[in-house]
Every structure is written in C-alpha cells, then in structure tokens.
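The following paragraphs guide the reader through one structure. Please keep the sequence and the model in view while reading.

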Amino acid sequence: MKNILNAQWIKSAKIVENGSVEFTRELNITKPVKAATLEATAYGVYEIEINGKRVGDYIFAPGWTSYQHRLQVETYDITSMLGEKNTIRVGVAGGWKTPNFFNGAKYHHSHLGVGETAIIAALEIEYTDGTSEIIYTDENWLCSKDKTVYSHIYNGYTYDATFIDDKPVPALPFPCYMDNLMDRVGEKITEHEHLPVKEIITTPKGETVLDFGQNMTGYVQFRIKGNKGEKAVIRHAEVLDAEGNFYNDNYRSAKAEAAFICDGEEHIFKPAYNFFGFRYIKLENWSDEVKAENFTAIVVHSDIKRTGYFECSDERINKLFSNIIWGQKGNFLDVPTDCPQRDERLGWTGDAQVFIKTASYNYDVEKFFIKWLGDLRADQTYWGAVPHVIPNTFRADDECSAAWADASTVCPWQIYQTYGNKQILEDSLKSMRDYLEYIEHHSWENIWAQGNHFGDWLNLDGSSPEDCSHGTDKDLIATAFFIYSSELYMKSCAVCGKEADTIPELRAKSIVAFRNKYMKDGRILPEYATQTACVLACHFGISDNIPETAKQLNELVTECGHLKTGFVGTPYLLHALSDNGYTKTAYDILLREEYPSWLFSVKMGATTIWEHWDSMREDGSMWSTSMNSFNHYAYGSVADWLYGDAAGIKIDESKPAFEHIIFAPVTDERLDYVKASIESRHGAVKAEWKRENGVVTYTFTVPEGCTATVVLNGKETEISAGEHRF
Ligand code: BGC
C-alpha cells in the first residue's frame with residue numbers, strides 16, 4: 001500500500017439496490033510509460049477493466065474480512081495495459097456486503113446505506129522521462145448502472161445484455177475512515193478447473209438438466225443467443241431427488257439463480273460477482289439449442305496449492321478422499337465456510353476447527369488461515385468470546401460455543417505444527433488467553449456450565465434425528481475443550497517463551513472436576529457414556545486410565561457396530577481407537593458401507609462430503625430440507641487419520657513442520673497397499689506400505705535436512721533424509 005491512503009472513497013450517485021455499479025475514468029497518456037501500478041479496494045466485490053481487458057485474475061476481490069477492522073487492498077501491475085487513450089472501469093456489486101445476509105442478520109456497515117457499495121483506488125504512472133503522476137478516485141470518476149442488474153450472494157444474478165445506462169453522473173465522495181485498509185494478507189480467489197457437461201438429462205418432470213458429474217463451487221460459463229428481451233434462467237442443485245427430478249429445496253431461501261436477458265446477439269458469458277454450490281443445472285426458458293459444448297462449469301476457490309495425496313487399494317476410500325478434497329475446494333473461498341450453496345456460506349468456527357488438520361495436509365493453507373485468524377481476533381469480543389462465525393455477521397456479542405470458539409486455539413496451533421509458523425502463535429496468544437479467561441468466568445467449580453453450546457452437533461445419540469445438539473452432555477464437552485485449549489495455550493506459551501500464568505492450575509483443577517463429575521475408575525459414568533465423551537476423555541488425555549476409557553469406547557462402538565459421533569467426536573474417533581490398540585475397530589468403522597459411515601455417502605454416489613451421515617437416505621429421500629448440505633467438509637476430517645495413521649505420517653510436536661517426522665502406520669488385512677505424501681516446508685514427506693504374499697513392506701521418504709523415527713511393531717528406528725525400506 002503506497003498511495004491509496006491519499007485517495008478518497010467514492011460511491012455511486014445512483015442508488016442501485018442489489019445490482020452492480022460501474023465507475024469509469026478516462027485517461028490520456030502522452031509520454032512513454034515506464035511502470036504503472038493500481039491499488040484498489042471496495043466495500044462489495046469488484047473487478048477492474050482497462051480498455052475492456054480484465055486486470056489481474058483475482059475474482060471477488062477484495063475477499064471477505066471483518067471489513068470494519070480489516071479491508072484488503074490489492075496492488076496490480078498494469079504497465080502493459082495502458083495506451084494513449086484509456087478507460088478504466090471498476091465494476092462493483094454487493095458480494096459479502098449484500099443486505100439481508102443470513103436469515104436477515106444485519107451486516108455491520110452502518111456507514112454505508114442498504115445496497116450501497118464504494119470503491120477507492122490510486123493509479124501511479126512513472127514515465128520514462130523520470131516524471132510521474134498519480135490518479136486517485138474522486139469526483140472526476142463517473143458512475144452508472146451496470147448490466148448486472150441484480151446480484152445477491154444467495155439469490156444469484158440477472159445480467160441484462162440489452163441494458164445501457166446512457167446517463168453516467170459524477171461519483172459522490174464517501175467520507176470514510178481509512179485505518180481498516182491493509183495490504184492483502186490472504187490468498188487471492190481465482191478460477192480453477194473447467195468442467196464439461198457429463199450428461200444432458202430430461203427428468204421425469206420434463207426438465208432439462210445438465211450434470212457436470214461433480215459437486216463444486218463456482219459458476220457456469222455458457223454460450224447463448226436468444227431473442228431480444230428473452231430471460232433465460234439457470235438454476236443450481238447438488239443432487240436429484242428420489243425420482244430423478246431437479247431438487248434444491250435444501251438451498252432454503254437462497255434462490256441461486258443465474259438469469260440472462262438476451263439481446264438477440266450471440267454471447268459467451270460468465271458472471272462477475274456470484275458463485276453457486278452445484279453439480280446440476282436446470283435450464284429454463286432456454287430458446288437456444290441446448291448443446292453440451294455450450295456450457296462449462298468453472299470451479300472457483302482460494303488460490304491454495306495442493307500439497308497432500310493419499311491412495312490405497314480400496315477404490316471406495318480413494319473416492320472418499322477425492323470427496324474430501326472437493327469439499328475443501330468448495331469451502332475454501334476466502335474464508336473456511338460451512339457450505340457453499342444455501343443461505344449460509346459462513347465462516348463457522350467449529351467447522352474450521354474440526355477440519356484444519358486435514359486442510360493443512362491437503363493444501364498449503366498457511367496464508368489462508370493467517371488472514372482468517374486475523375479476522376477472528378478482530379471480531380473477538382472485549383470479554384474474550386469468540387463469535388460463532390468469522391467474519392461475525394451475527395453480532396451476537398458474548399455468545400460462545402465450545403468446540404466452535406476453540407478455533408481460536410486449535411487453528412493457530414495447527415498452523416504452527418504444519419508450517420512451523422511461530423508468528424501465528426505470538427499473534428494469537430492474547431486471543432487464546434482472553435478466550436480461556438472468558439471460560440473461567442463462565443465456569444462453576446471448574447466445569448464450564450450452562451453455556452450456549454452446539455454440543456456434538458449432528459450426532460446420532462440424540463432422542464430424534466432433528467435433535468442436532470443433544471446427545472453427549474454439553475458441559476462435559478465444554479469442560480473437555482477447556483482442558484484441551486488450555487493445553488494448547490500452555491504449549492504455545494512455551495514455544496514463545498512466555499509464562500502461561502494461572503492457566504496450568506485452572507487446567508489441573510478442571511481435569512479433577514471432569515474426572516469427579518463424569519468418570520469413575522477410568523470409565524465415563526453410564527448417564528454420560530457416549531462415544532464422543534469417551535473419545536474426548538482419551539484424546540485430550542483427561543482420563544486417569546486411558547486404556548480403560550478406550551476399552552469403554554471400543555465396547556460402545558462394537559455393541560452398536562457403528563459410529564454415533566457428530567462434529568465434536570468424529571475428528572478424533574479413529575485416533576482414540578487406533579492410538580489405544582483398537583486398530584481393527586477403527587478400520588471396521590472406516591470401511592463400513594452401511595449408514596452411518598463415511599462410505600455410505602460414497603455408495604450413494606456422493607462427490608463431496610455430506611453434512612449429515614444420511615443427508616440422502618438409501619431410498620433417495622432426504623434428511624430434511626431445513627439443514628441439509630451435500631458439501632460440508634467437517635466429516636472430511638477423517639483424512640488426517642488416513643495420512644497420520646493409515647499411511648502413518650505424523651508431525652513430531654516438538655519439531656514442527658515435519659522437521660522430525662514420526663512414521664507409525666497401522667495396517668489392516670483388508671487393504672493391500674496405502675500410500676500418502678505431503679509436500680512440507682522442507683520437501684516431500686512420503687509413506688507407503690504394501691502387502692505381497694502376506695508380507696508387508698514399508699517405504700518412507702524423509703526430506704533433506706529432516707529426520708524421522710519409524711515405529712513398527714513397537715520397535716523404533718531413527719532414519720535421516722532419503723528413501724528407506726523396511
Ligand atoms: C452450519 C454448521 C455450523 C452449525 C452450528 C449450521 O447451520 O451449517 O456447519 O457449525 O450451524 O451449529
């Protein structure tokens with residue numbers, strides 16, 4: 001950021017509620033240009049064109065942050081784009097600033113009117129003769145209504161090819177504070193795969209539906225030539241219903257429509273400001289011939305680099321892994337979202353907390369989380385409460401849910417573990433501490449009691465399927481998470497050379513309180529005994545007799561023959577089993593195909609991870625319309641067990657970023673081979689095992705400058721860089 005602070009914010013003089021506005025500036029250049037840069041940002045999402053050409057490849061800029069505290073500025077090199085006569089055009093639509101975001105929750109931009117957007121920019125031109133000039137946004141810019149006559153994050157867009165606003169007027173100055181402006185810290189959002197139509201379907205109802213074969217997040221580019229004034233509409237869906245008809249009741253109030261008003265000419269069109277979660281599209285009022293080659297689905301997500309790969313001899317697990325990858329792509333769109341399709345798409349803290357370990361192996365998400373955690377800290381309340389969603393669109397101050405708010409400790413710690421980033425711990429210590437103190441103030445005799453918790457969200461212990469948050473006792477979960485988060489805080493303090501102060505004592509007291517209230521002789525008391533309760537007591541090291549608690553967990557799982565865990569227990573379930581000798585049970589659950597299981601959705605043809613274990617039932621009926629996403633990554637957290645246990649690649653906490661690796665794979669007779677690799681900060685870490693003639697051989701690869709301990713059959717062997725066979 002160099003010049004933008006001297007520019008002035010401008011907004012449209014024309015009120016365009018739910019549409020887009022364009023700001024233009026003509027610019028004549030008379031001398032040879034040596035270099036030209038453009039700094040820009042907006043309230044809303046913008047795209048810039050110079051002389052009709054798109055500047056940069058960043059879509060939905062400036063992304064989504066806690067705007068009142070942090071607004072990202074992008075710097076573009078536009079040297080090669082300028083000529084003698086230039087038109088700079090900045091189009092801007094509501095994006096994440098759209099009014100009525102999430103069930104009518106008010107978005108916090110009271111300083112801008114409903115539906116108003118604004119931009120700020122500075123263009124610096126250096127000439128070869130050594131002189132330079134800077135053009136700022138000001139009243140010399142014109143504004144007009146744009147052809148995107150409607151744009152809403154949930155409802156979609158309407159593009160009117162016939163529309164021309166022939167009366168541009170000067171933009172209005174928009175006095176606004178500037179101290180929230182900062183250089184971009186996260187990743188850009190960019191376009192990725194282009195997917196062709198797999199099948200054109202005429203449904204039993206007679207609808208024309210195009211199947212792209214993959215549930216994804218993005219938009220459809222299409223070729224269209226319709227009669228002037230005709231409105232062609234694309235609707236989006238993730239699944240077809242039991243009869244094979246188009247179905248998107250699960251989008252709730254989100255209309256997710258893409259409408260194009262034709263002008264009689266041929267167009268190849270893709271939208272600028274909207275995205276959808278979908279696998280299928282339905283065409284309505286499409287007078288043009290429907291040909292597969294006229295439609296391409298464009299996948300969009302944050303520009304994160306793929307780092308993790310997993311493969312094994314069971315194709316169903318490989319499909320599950322692919323679904324996890326697609327779940328991450330679909331929900332890593334500037335913030336870690338719960339889902340990309342319905343009227344939500346929010347940065348739910350719990351979902352991110354549950355998935356971050358997997359996420360950080362699959363992709364390089366260091367910058368992505370540095371940005372999001374900055375927003376988390378900015379939105380944390382004075383009292384230390386961590387809002388349910390970041391950026392906080394709810395404004396429900398001082399509400400905190402265990403396992404959701406713990407994103408404030410779990411996420412920085414994981415970013416440190418995977419990438420060795422110490423700074424994120426330094427930056428997060430206060431936030432962690434404030435959160436722990438918030439819990440202290442809401443605890444009674446060292447039990448975090450009566451909080452407003454989501455519990456083991458979507459577990460199967462509740463009295464009815466609709467009862468999403470009951471099952472495992474909420475105070476039990478909350479206290480377990482305090483114990484876990486305070487441990488992460490203490491470790492973070494140790495890394496940063498800081499004192500953890502009163503926290504170790506509070507933690508010790510909470511452990512005693514937990515054991516006294518919920519356990520006896522190493523077992524969770526019958527009235528509290530659920531799989532998740534046992535998982536937490538084992539995995540967070542709370543039990544004073546972990547082998548006994550793990551035995552109880554194994555009994556609970558084998559008695560019913562399947563998992564019953566929700567968001568809280570699922571990420572650690574297989575770990576708690578295999579870490580304590582119940583590897584076969586862990587694999588039984590992993591390889592189970594009937595509901596409830598990970599492979600049930602695979603059997604049902606899923607291409608992403610579902611929100612519920614039975615989002616779609618065996619007969620094709622749906623869990624419900626009220627809360628049923630087919631692209632919710634939370635249960636994809638099982639991938640960290642695939643990397644860490646099935647393949648056996650573990651980080652040594654004391655030497656993070658895979659500087660010292662622990663290879664400890666757990667095999668199962670039902671698999672013939674497993675292989676995984678993670679591109680670490682030091683290079684590729686690889687583990688592979690295969691069974692031939694009843695003998696298992698292992699191969700491990702340690703990157704240059706790193707060391708590893710191989711743990712096989714209870715025997716430890718130290719190895720150094722290179723490939724090693726056992
Ligand atoms: C979201 C979840 C989220 C939850 C909170 C849901 O509507 O989609 O993934 O964590 O609410 O309980």
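In what order do the strands of the open sheet of 5 strands lie, and with what pairing? The model is a predicted one, and in it the order of this sheet is β27-β37-β38-β39-β42, with antiparallel pairing. Its edge strands are β27, residues 308–312, and β42, residues 722–725, each of which pairs on one side only. On average, and with direction ignored, neighbouring strands of the sheet are turned by 5° against each other.

Strands of a sheet pair through backbone hydrogen bonds. Strand β39, which comprises residues 695–702, pairs with β42 in the antiparallel sense over 4 bridges. Within this part of the sheet, threonine 699 has arginine 725 of β42 as its bridge partner. A helix also packs on the sheet: α14, residues 639–646, touches β27, β37 (673–680) and β38 (683–692). The direction of α14 makes about 75° with that of β27.

Attention may now turn to the ligand. The residues that surround the ligand include Asp338, Glu344, Trp348, Trp404, Phe454 and Met627. The shell divides into 6 nonpolar, 1 polar and 5 charged residues.

For aspartate 351, a polar side-chain atom lies 2.5 Å from a ligand oxygen atom. In arginine 342, an N or O atom of the side chain is 2.6 Å from an oxygen atom of the ligand, and for histidine 632 the corresponding distance is 2.9 Å. On its own the ligand has 310 Å² of accessible area, of which the protein covers 96%.

Definitions and conventions
Residues numbered from 1 in each chain as written. Predicted model: local features only at pLDDT ≥ 70, side-chain atom pairs only at ≥ 80, totals over all residues. Heavy atoms only, no water. Pairing = 2+ DSSP bridges. Helix = DSSP H or I, 4+ residues; strand = E, 2+ residues; numbered from the N terminus. Axes fitted to C-alpha atoms, helices over the stretch in contact; angles between N-to-C directions. Contact = heavy atoms within 4.5 Å. Near = heavy atom within 4 Å. Polar contact = N/O pair within 3.5 Å; in protein donor to acceptor, adjacent residues only side chain to side chain. Areas by Shrake-Rupley, 256 points an atom, 1.4 Å probe, with all protein chains shown as cover. Nonpolar A, V, L, I, M, F, W, Y, C, P; charged D, E, K, R; others polar.
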